[in-house]
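Subject: The structure I promised you

Hi,

Here is the structure I said I would pass on.

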Amino acid sequence: MIALIALLSGCKNDDFLDWKARNEMVLEQVKLDPDFHTTSTGLVYCIREDKFTSEAKPNSSSNIRCDICKGWLIDGYQFQRAALSSTVAELIPGFQEGIKMIHTHGTIELYIPYELGYGEDGVGTEGTTSFIPPYSTLHFYIHLAAIN
């Protein structure tokens, strides 16, 4: 019985090994773009605009408002389209790291590897619009409108 449970619990992630490989390949391709940089944690980013350097940068306890926050999976599925208001600490690690790089009114593009996103488990229920599969690289385009 224990062996069956262990076998079944591993099936979900095994079903996504091809997806994992595709995500890793896309991430490696983005890293070849000279506009993008990679942090020591593996976050891949490009600061698109950050000319208001006299403005504040958020920290972990900041409440932020992003008037543009678009997020996609590598297959083009857009899972995030709306403005975002949140405390930085409540966000996934890759988003936390990236948003702290820009000042208010800055714009950044992120490629978040699964280890800094929703990990090996993903989030949501498969077959629903809120599902993010295991091993997903997340692509975000973000404009930081305000720090409250």
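Predicted model: local features only at pLDDT ≥ 70, side-chain atom pairs only at ≥ 80, totals over all residues.

**The rings**

There are 5 aromatic pairs in the structure. Take Phe-16 and Phe-131: their ring centres are 6.2 Å apart and the planes make an angle of 50°, which makes the pair tilted. Phe-16 belongs to the loop between helix H1 (2-14) and helix H2 (17-31), while Phe-131 is in the loop between strand S6 (107-112) and strand S7 (138-147), so this pair ties together parts that are 115 residues apart in sequence. Phe-16 and Phe-131 are both buried.

Now look at Phe-36 and Tyr-111. With ring centres 5.6 Å apart and planes at 70°, this pair counts as edge-to-face, because the angle is over 60 degrees. Phe-36 sits in the loop between H2 and strand S1 (37-38), and Tyr-111 is in strand S6, so here the pair ties together parts that are 75 residues apart in sequence. Again, both residues, Phe-36 and Tyr-111, are buried.

There is also a cluster: ring pairs link Phe-79, Phe-95 and Phe-140.

**Strand S7 and its partners**

Which strands pair with S7? One is strand S3 (residues 63-72), which runs antiparallel to S7 and is joined to it by 8 bridges.

Is S7 enclosed or open? Of its 10 residues, 8 are buried, so S7 is largely enclosed by the rest of the structure.

In soluble globular proteins, nonpolar side chains tend to end up buried together. In this model the largest nonpolar core has 28 residues, and the ones touching the most other members are Phe-95, Ile-99, Ile-112, Phe-140 and Ile-142. S3, helix H3 (93-99), S6 and S7 each give two or more residues to this core. S7 gives the most, with 4 residues.

A second core, separate and made of 6 residues, includes Val-30, Phe-36, Val-44 and Tyr-111.

**Some loop residues**

Ser-136 is in the loop between S6 and S7. Ser-136 is buried, with a relative accessible area of 3%. Its side chain reaches the backbone oxygen of Pro-133 at 2.7 Å. Leaving out neighbours within four places in sequence, the contacts of Ser-136 include Trp-19, Asn-23 and Tyr-114.

Tyr-135 is in the loop between S6 and S7 too. Tyr-135 has a positive phi of about 65°, although it is not a glycine. Tyr-135 is buried, at 6% relative accessibility.

His-105 also has a positive phi, near 80°, and is a residue other than glycine. This histidine, His-105, lies in the loop between H3 and S6. Is His-105 buried or partly exposed? His-105 is partly exposed, because its relative accessible area of 32% falls between the 20% and 50% limits.

Technical notes
Residues numbered from 1 in each chain as written. Heavy atoms only, no water. Phe/Tyr/Trp six-rings, centres within 6.5 Å; stacked < 30°, edge-to-face > 60°. Buried < 20%, exposed > 50% of the residue type's maximum accessible area, 1.4 Å probe, protein only. Pairing = 2+ DSSP bridges. Core = buried A, V, L, I, M, F, W, Y, C linked by side-chain atoms within 4.5 Å. Polar contact = N/O pair within 3.5 Å; in protein donor to acceptor, adjacent residues only side chain to side chain. Contact = heavy atoms within 4.5 Å.
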